[in-house]
Every structure is written in C-alpha cells, then in structure tokens.
Amino acid sequence: MKYLAKIQSLRKSVEWWMTGPTTREHLETRIAGDSEKKMAEIKCVGVVGAGQMGSGIAQLAATNGLDVWLMDADRDALSRATAAISSSVKRFVSKGLIAKEAGDDAMHRLRLTSNLQDLCSADIIVEAIVESEDVKKKLFKDLDGIAKSSAILASNTSSISITRLASATQRPSQVIGMHFMNPPPIMKLVEIIRGTDTSDETFIATKALAERFGKTTVCSQDYAGFIVNRILMPMINEAFHTLYTGVATKEDIDSGMKHGTNHPMGPLELADLIGLDVCLSVMKVLHQGLGDSKYAPCPLLVQYVDAGRLGRKRGIGVYDYRNATQKPLTASPRL
C-alpha cells in the first residue's frame, strides 16, 4: 500500500509539473526564445532555381535586409532573374512601397552563382526547382552535404511530400515546406508544411522568416497538395474538362468564374500563369497520393503539355501570348 501511495503521489507531482502554468509558460518561452535566437542568426538566404519563383523569393529576402545567394546551373536564367528582380525592385520604389535606399541595398545584397558550393554559408536554403520528387531528392541530398549543420533546408514544392524529401538528408528535423504563391513579392500567403520529423524550432523559425517578409502564413500537414493546391488544382482541372467536353469557350469559362465567383483571374488564365506543366505535375501527385480517380488529369491538359503549350512562360498555353496585340486564340480546345 505504501508503494502504491508513493506511485500515486509521484504521478500527481509529474502531472502538476507538466500542466502547471509556470512550466508551460517556461517551455513556450524557451522554444520561442530559441527560435528568435535562430532567426537572429539568419543573415544569409540561399535560393536554388532562378525561375519566376526562385527570383521572387530572392527578391523578398534581399529587400528585407538579408544577404542572398541565388543559384542556377543555367547562367542565362541567372541573367534573366537579375533583370527581372531589378525591374521589380524599381517598380516597388516608384510606387513608394520601398525606399530607394532599400532598393539599392537589395541589389547589392544579391549574389549570383552556378556553383552549389557557394550556398555553404546560408542559414536557410530554399529550393525552387522543377516539381519532380526525384530531382528534388537529389538536390536535398547534395545540399545536406554542403550546408552548415545548423542550416534549414526548405522546399517551395506545391505538392510533394516533405517527409520523403527529408528522407534524402541526415537532418530531417531541419527540413520544411515553405510554399510561396506566384509571384512571391506580391502574393501575401506562404504555406508552411511540416514533415513527420520537422522540429518546433525549425517550424517557428521558418514562420518568423515568412512574417518578416510581410506574409500571412498557414500550416498544413504533409498530405498530397497541402491546402491550397488540394483545392485549387482540381478546380483548374475541372475547368479543362469543361473546355474539353465543349461546355463553353475558354473565354466564357474564365469570365464566368471571374464575374460569378469574384475570382481575380479565371482558372484557365491562372493555369497559364502557373504553368500547365506545373498544374499537370500537381494533379499527378494528387492522383497518386490520394488514390482517387477524381484527381486524374484532364486529357486536354496532358495534350497541351505534350505539345509544349506550357502557358505564359512559353508564349502559348490555353491562350496565345506571342503577340500582345493579338487576341487569344479561339480555336478548338482539342489540338
């Protein structure tokens, strides 16, 4: 009986210690304090991929007072990114969104490289490359051997499992999803995705960085498509089905959604902006990851991608952008 009484007494003591307000506040303060310390140490951001997403993320970091390494194996892509960032920063200055001094400082903070090794000094590295799990896994494995031990490895993936990407590294607790919306300097949302082993410190530090960029954050569990694309991409896919089956023209589909649901862009226009190849990749991830036939990509979307009609970045997708004065094509939805 004395032994049982001692166990009960010990249990009550442990419960009080774990649930007592002083202890909870202490633990929360300690985690927040450690994360603030980590944030204070984030002075350099590495970005892999100099496309529209990567260059936009690099611009955000530079205009918020961080040193940036923007890496891409394609030097032409780096040149295009520099021009795009410079033009965007000047536009922000002209609109009074940032001071001229801040704009000049941002361009001085931006460094370009085609050598992955140059990211060894970064405190957080954000990859923004092609939406392919195999390609991203290889990159994460390479980054794991290059980045300093304290660095966070973040993916801008819009649908691929963070847990599986983290499995390619020896630091799964420091791997996280940081999904920016397109274009990153303008869109307010960052979707943060925790992998199975992502630590609280990594999550809080990443969230704080996004907020430093002036972003609103939402947190998703690590399921295919996360939050935004789990909802958005099936809508875009259904818009392709609506076009494919001849329910309406592309113009009427987009007009209906803009004026009927108050969307700023129609789903087909948005698909062209995102990139039809990206939309197709996400739909394949949803279809495979969730195992439901309703996520099967529309044959018309597949056709367009096979034909190289990838959207604005190629000059033609659902619409034709190759001549700015020319109205979008009104041909049959089938090729």
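Residues are numbered from 1 along each chain as its sequence is written, and side-chain values use heavy atoms, with hydrogens and water left out. In this predicted model, local features need pLDDT of at least 70 and side-chain atom pairs count only at pLDDT 80 or more, while totals for chains, interfaces and linings use all residues.

The protein chain contains 13 helices and eight strands, taken as DSSP runs (H or I over at least four residues for helices, E over at least two for strands) and numbered from the N terminus. Of its 335 residues, 43% are buried, where buried means under 20% relative accessible area, exposed over 50% and partly exposed in between (1.4 Å probe, protein chains only). Among contacts (heavy atoms within 4.5 Å) between residues at least 6 apart in sequence, 67% join residues at least 24 apart.

The eight strands form an open sheet of mixed pairing in the order E3-E2-E1-E4-E5-E6-E7-E8, two strands being paired if DSSP finds at least two bridges between them. Strands E3 (110-113) and E8 (216-220) are at the edges and have a single partner strand each, so one side of each lacks a neighbour in the sheet. From one strand to the next, the twist averages 25°. E8 pairs with strand E7 (residues 189-194) in the parallel sense over five bridges, and Val190 stands opposite Thr217 in E8. Helix H5 (residues 100-109) packs on the sheet, touching E2 (67-71) and E3, and its direction makes about 25° with that of E3; axes are lines fitted to C-alpha atoms, for helices over the stretch in contact, with angles from 0 to 180 degrees between N-to-C directions.

An unreviewed UniProt entry annotates Ser88, Lys95 and Ser158 as "binding site"; such annotations may be inferred rather than shown by experiment. Ser88 is in helix H4 (residues 75-94) and is buried at 8% relative accessible area. Lys95, in the loop between H4 and H5, is exposed at 60% relative accessibility.

Thr198 lies in the loop between E7 and helix H8 (200-212) and is buried, with a relative accessible area of 7%. The Thr198 side chain reaches the backbone nitrogen of Gly195 at 2.7 Å. Leaving aside residues up to four places away in sequence, Thr198 touches Pro172, Ser173, Val175, Ile176 and Phe203.

Methods:
Polar contact = N/O pair within 3.5 Å; in protein donor to acceptor, adjacent residues only side chain to side chain.
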